[in-house]
Amino acid sequence: MSGFEARWLDLREPADIAARDTELLDAAAAYLSAKPNALAVDLGCGTGSTLRTLGPLVPGLHWRLVDNDPALLAEAERRRPAGSSVETVLADLGNLDALELKPARIATASALFDLASRNFVAGLARRLSRERIGLYAALSYDGTIAFDVPHAEDAAMVALFNAHQRGEKGLGPALGPDAGAVLAEELAAQGFDVRTAPSPWRLDASMPGLQTKFVEGIATAVRETGKLSEAEIAAWLDMRLAAVASSGCRVGHLDVLALPR
(Lines give C-alpha, C1' and ligand atoms only; values in the text may rest on other atoms or scores of the structure.)
Protein backbone atom coordinates (compact mmCIF):
# COMPACT_ATOMS: atom_id res chain seq x y z
CA MET A 1 0.00 0.00 0.00
CA SER A 2 1.37 3.41 -0.87
CA GLY A 3 2.10 5.65 2.13
CA PHE A 4 0.07 8.72 2.99
CA GLU A 5 1.82 11.99 3.65
CA ALA A 6 1.81 13.09 7.27
CA ARG A 7 0.62 16.52 6.11
CA TRP A 8 -2.62 15.08 4.71
CA LEU A 9 -3.19 13.05 7.87
CA ASP A 10 -2.63 16.16 9.98
CA LEU A 11 -5.11 18.15 7.90
CA ARG A 12 -7.83 15.55 8.24
CA GLU A 13 -7.35 14.62 11.91
CA PRO A 14 -9.55 17.40 13.39
CA ALA A 15 -12.35 16.54 10.95
CA ASP A 16 -11.94 12.85 11.75
CA ILE A 17 -12.12 13.44 15.50
CA ALA A 18 -15.24 15.57 15.14
CA ALA A 19 -16.85 13.01 12.81
CA ARG A 20 -16.34 9.83 14.84
CA ASP A 21 -19.58 8.49 16.28
CA THR A 22 -19.26 8.98 20.03
CA GLU A 23 -21.52 6.07 21.00
CA LEU A 24 -19.42 3.53 19.10
CA LEU A 25 -16.21 5.15 20.35
CA ASP A 26 -17.42 4.92 23.95
CA ALA A 27 -18.60 1.32 23.41
CA ALA A 28 -15.16 0.35 22.09
CA ALA A 29 -13.55 2.01 25.10
CA ALA A 30 -15.90 0.19 27.49
CA TYR A 31 -15.12 -3.16 25.86
CA LEU A 32 -11.39 -2.54 26.22
CA SER A 33 -11.76 -1.28 29.79
CA ALA A 34 -13.48 -4.52 30.85
CA LYS A 35 -10.11 -6.31 30.61
CA PRO A 36 -7.26 -4.67 32.56
CA ASN A 37 -4.10 -3.96 30.56
CA ALA A 38 -5.72 -5.01 27.30
CA LEU A 39 -3.97 -4.83 23.93
CA ALA A 40 -5.30 -2.88 20.94
CA VAL A 41 -3.73 -3.43 17.51
CA ASP A 42 -4.10 -0.42 15.20
CA LEU A 43 -3.90 -1.46 11.54
CA GLY A 44 -2.56 1.16 9.14
CA CYS A 45 -1.93 3.46 12.07
CA GLY A 46 -0.54 6.43 10.13
CA THR A 47 0.61 9.04 12.62
CA GLY A 48 -1.49 7.50 15.42
CA SER A 49 -4.79 9.35 15.27
CA THR A 50 -6.78 6.41 16.66
CA LEU A 51 -4.32 6.04 19.53
CA ARG A 52 -4.70 9.74 20.37
CA THR A 53 -8.50 9.52 20.20
CA LEU A 54 -9.32 6.18 21.85
CA GLY A 55 -6.24 5.73 24.01
CA PRO A 56 -6.98 8.40 26.63
CA LEU A 57 -10.40 6.80 27.26
CA VAL A 58 -8.83 3.51 28.43
CA PRO A 59 -6.16 3.84 31.15
CA GLY A 60 -3.59 1.06 31.08
CA LEU A 61 -4.27 0.10 27.46
CA HIS A 62 -1.27 -1.20 25.49
CA TRP A 63 -1.04 -0.38 21.77
CA ARG A 64 0.58 -2.23 18.91
CA LEU A 65 0.80 0.20 15.98
CA VAL A 66 1.10 -1.46 12.56
CA ASP A 67 1.96 0.30 9.30
CA ASN A 68 4.08 -0.25 6.20
CA ASP A 69 5.67 3.21 6.40
CA PRO A 70 8.56 3.54 8.88
CA ALA A 71 8.37 7.34 8.84
CA LEU A 72 4.71 7.29 9.87
CA LEU A 73 5.42 4.71 12.59
CA ALA A 74 8.18 6.91 13.98
CA GLU A 75 5.85 9.91 13.94
CA ALA A 76 3.08 7.94 15.67
CA GLU A 77 5.46 6.90 18.43
CA ARG A 78 6.73 10.47 18.81
CA ARG A 79 3.17 11.81 19.13
CA ARG A 80 1.85 9.18 21.51
CA PRO A 81 0.05 10.55 24.58
CA ALA A 82 2.23 10.89 27.65
CA GLY A 83 2.31 7.71 29.68
CA SER A 84 0.86 5.48 26.95
CA SER A 85 2.32 2.04 26.30
CA VAL A 86 3.17 1.64 22.61
CA GLU A 87 5.05 -0.76 20.37
CA THR A 88 5.44 -0.28 16.62
CA VAL A 89 5.47 -2.98 13.95
CA LEU A 90 6.54 -2.45 10.34
CA ALA A 91 4.40 -4.84 8.28
CA ASP A 92 2.63 -5.39 4.98
CA LEU A 93 -1.08 -5.42 5.79
CA GLY A 94 -1.70 -7.47 2.67
CA ASN A 95 -0.06 -10.48 4.33
CA LEU A 96 -2.88 -11.23 6.75
CA ASP A 97 -1.43 -14.51 8.00
CA ALA A 98 1.76 -12.76 9.12
CA LEU A 99 0.07 -9.92 11.03
CA GLU A 100 0.77 -10.00 14.76
CA LEU A 101 -2.70 -9.76 16.32
CA LYS A 102 -2.59 -11.95 19.42
CA PRO A 103 -3.36 -11.42 22.25
CA ALA A 104 -5.36 -8.33 21.25
CA ARG A 105 -8.79 -7.68 22.68
CA ILE A 106 -9.63 -5.38 19.79
CA ALA A 107 -8.18 -4.31 16.44
CA THR A 108 -8.72 -0.77 15.25
CA ALA A 109 -8.43 1.05 11.94
CA SER A 110 -9.35 4.46 10.60
CA ALA A 111 -10.03 5.31 6.95
CA LEU A 112 -8.47 2.00 5.92
CA PHE A 113 -11.07 -0.38 4.55
CA ASP A 114 -12.22 1.79 1.66
CA LEU A 115 -8.69 1.13 0.31
CA ALA A 116 -9.02 -2.64 0.72
CA SER A 117 -10.65 -5.42 -1.30
CA ARG A 118 -13.54 -7.63 -0.29
CA ASN A 119 -11.15 -10.58 -0.13
CA PHE A 120 -8.99 -8.68 2.35
CA VAL A 121 -11.99 -7.71 4.49
CA ALA A 122 -13.40 -11.25 4.45
CA GLY A 123 -10.01 -12.70 5.35
CA LEU A 124 -9.56 -10.30 8.23
CA ALA A 125 -13.09 -11.03 9.50
CA ARG A 126 -12.32 -14.76 9.54
CA ARG A 127 -9.04 -14.19 11.34
CA LEU A 128 -10.64 -11.95 13.97
CA SER A 129 -13.41 -14.48 14.48
CA ARG A 130 -10.99 -17.38 15.01
CA GLU A 131 -9.04 -15.39 17.58
CA ARG A 132 -12.09 -13.72 19.15
CA ILE A 133 -10.76 -10.21 18.58
CA GLY A 134 -13.17 -7.29 18.18
CA LEU A 135 -12.87 -4.54 15.58
CA TYR A 136 -13.43 -0.81 15.82
CA ALA A 137 -13.20 0.61 12.29
CA ALA A 138 -13.90 4.31 11.87
CA LEU A 139 -14.33 6.65 8.94
CA SER A 140 -14.88 4.44 5.92
CA TYR A 141 -15.91 6.74 3.05
CA ASP A 142 -19.49 5.98 1.92
CA GLY A 143 -19.56 7.71 -1.48
CA THR A 144 -21.68 10.74 -0.57
CA ILE A 145 -20.44 14.31 -0.95
CA ALA A 146 -22.79 17.29 -0.66
CA PHE A 147 -21.43 20.78 -1.30
CA ASP A 148 -23.05 23.82 0.29
CA VAL A 149 -22.77 25.68 -3.02
CA PRO A 150 -23.69 23.46 -5.97
CA HIS A 151 -21.95 23.22 -9.33
CA ALA A 152 -23.37 21.67 -12.49
CA GLU A 153 -20.58 19.08 -12.61
CA ASP A 154 -20.84 17.94 -8.98
CA ALA A 155 -22.72 14.71 -9.73
CA ALA A 156 -20.37 13.71 -12.54
CA MET A 157 -17.25 14.54 -10.52
CA VAL A 158 -18.42 12.60 -7.47
CA ALA A 159 -19.50 9.59 -9.55
CA LEU A 160 -16.13 9.42 -11.31
CA PHE A 161 -14.25 9.96 -8.05
CA ASN A 162 -16.19 7.04 -6.54
CA ALA A 163 -15.34 4.87 -9.53
CA HIS A 164 -11.67 5.75 -9.10
CA GLN A 165 -11.88 4.84 -5.40
CA ARG A 166 -12.68 1.27 -6.45
CA GLY A 167 -9.34 0.87 -8.22
CA GLU A 168 -6.29 -0.98 -6.95
CA LYS A 169 -4.88 0.70 -3.82
CA GLY A 170 -2.46 -2.01 -2.73
CA LEU A 171 -4.84 -4.49 -1.06
CA GLY A 172 -6.67 -5.71 -4.15
CA PRO A 173 -9.53 -4.00 -6.03
CA ALA A 174 -10.67 -1.46 -3.44
CA LEU A 175 -14.17 -1.43 -1.98
CA GLY A 176 -14.22 2.37 -2.00
CA PRO A 177 -17.67 3.64 -1.03
CA ASP A 178 -18.93 0.11 -0.30
CA ALA A 179 -16.35 -0.57 2.40
CA GLY A 180 -18.36 0.15 5.54
CA ALA A 181 -21.37 -1.90 4.45
CA VAL A 182 -19.23 -4.82 3.23
CA LEU A 183 -17.18 -4.77 6.42
CA ALA A 184 -20.34 -4.96 8.54
CA GLU A 185 -21.71 -7.76 6.36
CA GLU A 186 -18.56 -9.88 6.51
CA LEU A 187 -18.19 -9.45 10.28
CA ALA A 188 -21.83 -10.33 10.89
CA ALA A 189 -21.37 -13.47 8.78
CA GLN A 190 -18.57 -14.49 11.17
CA GLY A 191 -20.90 -14.20 14.17
CA PHE A 192 -19.88 -10.80 15.51
CA ASP A 193 -22.31 -8.43 17.18
CA VAL A 194 -22.07 -5.57 14.67
CA ARG A 195 -23.11 -1.94 15.12
CA THR A 196 -22.73 0.83 12.57
CA ALA A 197 -23.18 4.59 12.71
CA PRO A 198 -22.68 7.46 10.27
CA SER A 199 -19.61 9.61 10.87
CA PRO A 200 -19.69 12.36 8.25
CA TRP A 201 -17.10 15.04 7.83
CA ARG A 202 -18.65 18.49 8.07
CA LEU A 203 -16.12 20.79 6.45
CA ASP A 204 -16.55 24.56 6.60
CA ALA A 205 -14.66 27.77 5.95
CA SER A 206 -12.54 27.20 9.06
CA MET A 207 -10.85 24.24 7.27
CA PRO A 208 -9.54 25.76 4.02
CA GLY A 209 -6.45 23.56 3.93
CA LEU A 210 -8.41 20.31 4.19
CA GLN A 211 -11.07 21.48 1.75
CA THR A 212 -8.41 22.50 -0.75
CA LYS A 213 -6.58 19.18 -0.57
CA PHE A 214 -9.86 17.28 -0.73
CA VAL A 215 -11.22 18.91 -3.88
CA GLU A 216 -7.77 18.80 -5.51
CA GLY A 217 -7.71 15.09 -4.77
CA ILE A 218 -11.10 14.62 -6.38
CA ALA A 219 -9.94 16.48 -9.48
CA THR A 220 -6.76 14.40 -9.72
CA ALA A 221 -8.72 11.16 -9.44
CA VAL A 222 -11.22 12.23 -12.08
CA ARG A 223 -8.42 13.19 -14.45
CA GLU A 224 -7.03 9.68 -14.11
CA THR A 225 -10.35 8.18 -15.24
CA GLY A 226 -10.15 10.08 -18.54
CA LYS A 227 -13.93 10.49 -18.56
CA LEU A 228 -14.16 14.30 -18.41
CA SER A 229 -12.25 16.93 -20.36
CA GLU A 230 -9.53 18.97 -18.69
CA ALA A 231 -11.61 22.09 -19.28
CA GLU A 232 -14.59 20.61 -17.41
CA ILE A 233 -12.43 19.46 -14.52
CA ALA A 234 -10.56 22.77 -14.32
CA ALA A 235 -13.77 24.81 -14.31
CA TRP A 236 -15.16 22.70 -11.47
CA LEU A 237 -11.93 22.85 -9.49
CA ASP A 238 -11.52 26.62 -9.93
CA MET A 239 -15.02 27.17 -8.55
CA ARG A 240 -14.46 24.77 -5.65
CA LEU A 241 -11.14 26.36 -4.68
CA ALA A 242 -12.72 29.81 -4.74
CA ALA A 243 -15.50 28.57 -2.44
CA VAL A 244 -13.40 27.10 0.38
CA ALA A 245 -13.10 30.45 2.17
CA SER A 246 -16.86 30.93 2.43
CA SER A 247 -18.60 27.54 2.29
CA GLY A 248 -18.13 23.85 2.93
CA CYS A 249 -19.35 20.35 2.30
CA ARG A 250 -20.52 17.14 3.95
CA VAL A 251 -18.56 13.96 3.21
CA GLY A 252 -20.19 10.72 4.30
CA HIS A 253 -18.38 8.04 6.32
CA LEU A 254 -19.44 4.98 8.30
CA ASP A 255 -18.10 3.71 11.62
CA VAL A 256 -18.29 -0.02 12.44
CA LEU A 257 -17.91 -1.75 15.81
CA ALA A 258 -17.90 -5.55 15.83
CA LEU A 259 -17.55 -7.45 19.10
CA PRO A 260 -17.44 -11.21 19.71
CA ARG A 261 -20.67 -12.59 21.09
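In the predicted model, Arg118 and Glu185 form a salt bridge (a side-chain nitrogen of Lys or Arg within 4 Å of a carboxyl oxygen of Asp or Glu), with their closest N and O atoms 2.6 Å apart. Because Arg118 belongs to helix H5 (residues 118-131) and Glu185 to helix H7 (residues 179-189), this pair ties together parts that lie 67 residues apart in sequence; helices (H or I, at least four residues) and strands (E, at least two) are DSSP runs numbered from the N terminus. Arg118 is partly exposed at a relative accessible area of 33%, and Glu185 is likewise partly exposed at 48%, where buried denotes under 20% relative accessible area, exposed over 50%, and partly exposed the range in between (1.4 Å probe, protein chains only). Residues are numbered from 1 along each chain as its sequence is written. As the model is predicted, local features need pLDDT of at least 70 and side-chain atom pairs count only at pLDDT 80 or more, whereas totals for chains, interfaces and linings use all residues, and side-chain values use heavy atoms, with hydrogens and water left out.

The structure holds 12 salt bridges, among them one between the side chains of Asp10 and Arg79, with an N to O distance of 2.6 Å. This pair links distant parts of the chain, 69 residues apart, with Asp10 in helix H1 (residues 6-19) and Arg79 in the loop between helix H4 (70-78) and strand S3 (85-90). Asp10 is partly exposed at 30% relative accessibility, as is Arg79 at 22%. Both residues also belong to a network of salt bridges that links Asp10, Glu75, Arg78 and Arg79. A further salt bridge joins the side chains of Arg166 and Asp178 at 3.4 Å, N to O. Arg166 lies in the loop between helix H6 (154-165) and H7, and Asp178 in the loop between H6 and H7, so that this pair ties together parts 12 residues apart in sequence.

Turning to the nonpolar cores (sets of buried Ala, Val, Leu, Ile, Met, Phe, Trp, Tyr and Cys residues joined through side-chain atoms within 4.5 Å), the largest comprises 51 residues, of which Ile106, Tyr136 and Ile145 touch the most other members. A second, separate core of 34 residues includes Ala104, Ala107, Leu112 and Ala179. When neighbours within four places in sequence are left aside, the residues in contact with Tyr136 (heavy atoms within 4.5 Å) include Arg20, Leu24, Leu25, Ile106, Ala107, Asp255 and Leu257.
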